[in-house]
Amino acid sequence: MTKAYDVVIVGGGIFGCYAALWLAKHGKRIALIEKEKALFTKASVVNQARLHSGYHYPRSIATAVMSDENKARFTSEHREFINFSFEKYYAIDRYGSFTDARQFERFCDFIDIKCEKVDNHPLFNFSQLDALYLTEEYSFDPILIANHYRSAVQSCNNIHLYESHQVLVAEKQKSTWVIQVEDLQGSEVRCFETPAVINATYCASNAINALFGFDSIPLMHEISEMVFIHSPQFRDIGLTVMDGPFASLMPYGKSGLLSLSSVAYTHHKVSYDDLPAFDCQSKNANCRPEFTSNCNDCMAKPVSAKNKMMAQIRQYLSDMVELHYFSSFYTIKSKLKANAIDDGRPTEIAVLGKNPDFYCLFAGKINSIYEIEKTMIL
Ligand SMILES: Cc1cc2nc3c(=O)[nH]c(=O)nc-3n(C[C@H](O)[C@H](O)[C@H](O)COP(=O)(O)OP(=O)(O)OC[C@H]3O[C@@H](n4cnc5c(N)ncnc54)[C@H](O)[C@@H]3O)c2cc1C
């Protein structure tokens with residue numbers, strides 16, 4: 001039996017879930033297909049949880065400005081999931097930064113964000129810093145946000161959720177897509193018909209585009225490790241060192257843990273192919289460039305770089321700061337190749353097909369979920 005839906009969404013991270021809820025609110029009947037056993041298991045939970053205010057992008061004014069545009073609405077609609085009560089510092093590394101203190105100040109002034117120079121602080125090692133600034137940047141809690149969206153999707157009558165499912169075949173028939181979807185746990189095959197498909201699979205964007213007969217978007221991919229630590233002295237403090245192969249330590253929402261990332265050590269493996277192709281896939285029969293498995297469950301995932309990352313961030317901290325390792329989580333981070341130089345993270349929604357419609361939604365940052373509303377036709 002073929003089931004008819006107004007929209008079929010592939011991918012159940014924050015972008016797929018937000019699109020489903022927004023379209024359902026406007027009366028659409030949605031099928032949401034997620035290959036994992038649960039929603040929110042990839043980039044939407046394994047990330048630094050930075051509610052971007054623009055500071056991070058001195059080399060991409062467009063991304064910096066877009067961060068700020070969406071921040072106010074994201075903050076007001078996710079207020080209970082945001083940690084507002086910590087001090088956030090940005091610092092310029094004394095050696096080898098792409099930006100110097102004066103440029104950073106001018107950039108903050110230009111996009112009108114708080115940047116107060118701090119000349120003394122007992123928790124920082126100033127011999128390694130060109131300058132330290134007190135800024136205003138918050139952290140969202142990915143786990144609380146995941147719980148919120150999971151229950152919103154599950155309780156919405158207009159959304160039929162198909163977890164542990166994958167698209168097998170897609171065919172264009174006049175003005176609809178006819179899609180065969182396989183239950184990965186029971187191997188049952190279902191058939192859906194719809195006039196519109198949204199591809200919200202992030203690192204799998206090009207695999208799903210290809211299934212529907214569309215070209216790739218130029219992406220690169222990195223197997224990334226987020227390290228989680230706790231620190232009695234740094235619990236309510238965040239530090240991001242700019243601008244280049246440096247590190248960032250900040251509260252992971254309201255969890256009491258800090259997320260630690262490093263431009264040099266977080267990204268273990270890089271794939272410049274349009275699909276995420278890594279040498280470790282030869283050791284895991286369930287993981288392929290067209291259909292990656294979850295790195296956290298994989299025996300072939302890279303060895304943790306936690307010691308290197310902790311040593312790197314320690315350089316900027318005074319001896320009184322203790323850092324204790326808690327855990328690491330891995331995921332694939334994907335970027336538009338065009339942003340390799342300026343480090344920008346735009347969210348791009350491409351309308352690849354019309355009648356039947358096909359949207360490829362490639363997300364740069366969590367707080368840009370509202371871009372969906374600008375592009376989707378109701
Ligand atoms: C290491 C890292 C740090 C980051 N830090 C920040 C930050 O501090 N602040 C910020 O705003 N953003 C950050 N980001 C970016 C942000 O996390 C992503 O832009 C966002 O989570 C993407 O959401 P999504 O829903 O598109 O992707 P995802 O959350 O990855 O969801 C995609 C879903 O599609 C599913 N899927 C894949 N293939 C298939 C298939 N064939 N069939 C069905 N389902 C499929 C996946 O299982 C997954 O659930 C970071 C990202 C990473 C990786």
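Guide: A polar contact here is a pair of N or O atoms within 3.5 Å; within protein, one must be able to donate a hydrogen and the other to accept it, and residues adjacent in sequence count only if both atoms are side-chain atoms. The model is predicted, with local features needing pLDDT of at least 70 and side-chain atom pairs counting only at pLDDT 80 or more, while totals for chains, interfaces and linings use all residues. Residues are numbered from 1 along each chain as its sequence is written, and side-chain values use heavy atoms, leaving out hydrogens and water.

A polar side-chain atom of His52 lies 3.5 Å from a nitrogen atom of the ligand. The protein covers 96% of the 1000 Å² of accessible area that the ligand has on its own (Shrake-Rupley method, 1.4 Å probe; for residues, only the protein chains shown count as cover).

Helix H1 (14-25) and strands E3 (30-34), E15 (219-230) and E20 (324-336) each give two or more residues to the shell; helices (H or I, at least four residues) and strands (E, at least two) are DSSP runs numbered from the N terminus. Around the ligand are 33 residues, of which Glu34, Lys42, Ser44, Arg50 and Ile366 come nearest; a residue is near if one of its heavy atoms lies within 4 Å. The shell holds 15 nonpolar, 11 polar and 7 charged residues, where Ala, Val, Leu, Ile, Met, Phe, Trp, Tyr, Cys and Pro count as nonpolar, Asp, Glu, Lys and Arg as charged, and the others, Gly among them, as polar.
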